[in-house]
Amino acid sequence: MPDFLSSAILKYLKPVYQLLVNHYVALVLVPILVILFSEVLKLSPHEIVAIWNCLRFDLVQIVWSSFLVIFISTLYNMSKPQKVYLVDYACYKAPADLCFSIRAYVERMKFIPGTDKQSLDFQLRVSERIGLGERTCMPPAIHLIPPDTTMKALREEAEMVIFSVMDSLFQKSGLNPRDIDILVVNCSICFSTPSLSAMVINKYKMKESIKSFNILGMGCSGSLISIDLARQLLHTHPTYNAVVVSAELMTTIFYRGKERSMLVPNSLFRMGGAAIFLSTRNSFRNIRAKYRLIHLVRTHTASDDKSHSCVYVKEDPEGILGIWLSKDLMAVAGEALKLNLTALGPLVLPVSERFLYLLNFIARRIFSLSWKPYIPDFKQAFNHFCIHAGGPAVIDGVQDSLQLSMEQVEASRSAFHQFGNTSSSSLWYEMSYIEAKGRMNKGDRTLQIAFGSGYKCFSAVWECTETVRTPASGPWIDCIDNYPTCIPRAVK
């Protein structure tokens, strides 16, 4: 009986409470206005004229009052930062011949002398349990036997991914490379000289005054870090155009050793990339821009030693370079997510959720009541969720924390199944999935959540400025009808 009563309260009473609290201004003002209007109707014409004469101002007062209101409004609008618009973006679609099956890779590696069979079997078991599809892609250098991990192969992969997404972006948006004023390129691990941003500038012969930045080592949160940097630069230069390029390059970080904690990334990470066109120009406001950036919240926990070292690039005892993942990774990610949502909540949650959280906080901290901490319902603030597709454990953790449905994490699971963990660009594959399904409507708000080594958690809120038509091209064009498919939660 108590379970039935509690479910009935949640199902019927909470929506009524949310309606009353979230619209309390209208619920208070409307009755007052109705009462005032009814009282005015009771007055005679002479009484109405007498009241009007009492309220009438002379021309000088009207002019000065209007000037003061316009002046204050202008100062307020000038003090506000310019709104940043996402005009368009493009995701990398690898050729079919680069599809990488772990099972086929394991079979091929068995023929290489010195290969450890136990390590190959471990990678196969992990790949089968995490729900990765058979159409994920690796660069050509990894398909070779043995894999080619030279800098030459790395640059060839970078050119393949980055130039492809840049060409797609120019084609979709009509942007001319010479019109780009700010270029930010980010990659998890790519120690290249000249930098990746210099490579892009050289390829497209961009202008000499371009402000370019090359961001490395930020992990899977690199795209939102680059977005934040571009946003701050656009606030300083409101007439500029900015392009952010996010890429995951696999050539030099594919691990061939025996350490199991360093073999797991082989089963998770795949090649991918995205290019995003940002601007603050008002001409993009209602004509071409797809989204408007509402909020971007950064949380960094590197001051804690456990957080700082949970994702590490290092050599194993045999001197083989790879990415090491700590067993504490999920606990660290959960704490970073908690801190980030605590900062984001007051900015986006409706009044009803903030009020319940405040009551719960007062009851636990001031009156020492043994209540469970109240988890705000972030589903009240967002229509879509793009959780970094770092693996089923990451998606499951965020889904449980935010109490999301399977449909709300469908884009994240589908992106991981089809493309794998494409690092910071995975958010844009998920956004593209929502568009390909025809679900992105004008006014919809999307929450992007990204995690990165260090340890960092980033969240970005985008508002759709116009209903997005189902794209005629993109990474999902030949496979969107296959989803949603049965993708189980992580096998522990």
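Trainee: To start with Asp121 and Lys117, which helix holds them, and how many residues apart are they?

Mentor: Happy to walk you through it. They are four residues apart in helix 6, which covers residues 117-129, so about one helical turn separates Asp121 from Lys117. Helices here are DSSP runs of H or I with at least four residues, strands are E runs of at least two, and both are numbered from the N terminus. Before we go on, this is a predicted model, in which local features need pLDDT of at least 70 and side-chain atom pairs count only at pLDDT 80 or more, while totals for chains, interfaces and linings use all residues. Residues are numbered from 1 along each chain as its sequence is written, and side-chain values use heavy atoms, with hydrogens and water left out.

Asp121 and Lys117 make a salt bridge, with 2.8 Å between their closest N and O atoms. The term asks for a side-chain nitrogen of Lys or Arg within 4 Å of a carboxyl oxygen of Asp or Glu. Asp121 is partly exposed, because its relative accessibility is 22%; buried means under 20% relative accessible area, exposed means over 50%, and partly exposed lies in between, using a 1.4 Å probe and protein chains only.

Now compare that with a pair set in loops. Lys207 and Asp181 meet through their side chains in a salt bridge of 2.5 Å, N to O. Lys207 sits in the loop between helix 9 (196-204) and strand 3 (211-216), and Asp181 in the loop between helix 8 (151-173) and strand 2 (182-187), so this pair ties together parts that are 26 residues apart in sequence. Both Lys207 and Asp181 are buried.

Another pair joins a loop to a helix. The side chains of Arg439 and Glu410 form a salt bridge, at 3.1 Å from N to O. Arg439 belongs to the loop between helix 17 (426-436) and strand 10 (445-452), whereas Glu410 is in helix 16 (residues 410-419), so parts 29 residues apart in sequence are tied together. Arg439 is partly exposed at 27% relative accessibility, while Glu410 is buried, its relative accessible area being 10%.

Finally, step back from single pairs. Asp88, Lys172, Lys290 and Glu435 are linked to one another in a network of salt bridges. Across the whole structure, the search finds 13 salt bridges. In general, side chains of opposite charge can pair when their charged atoms come close.
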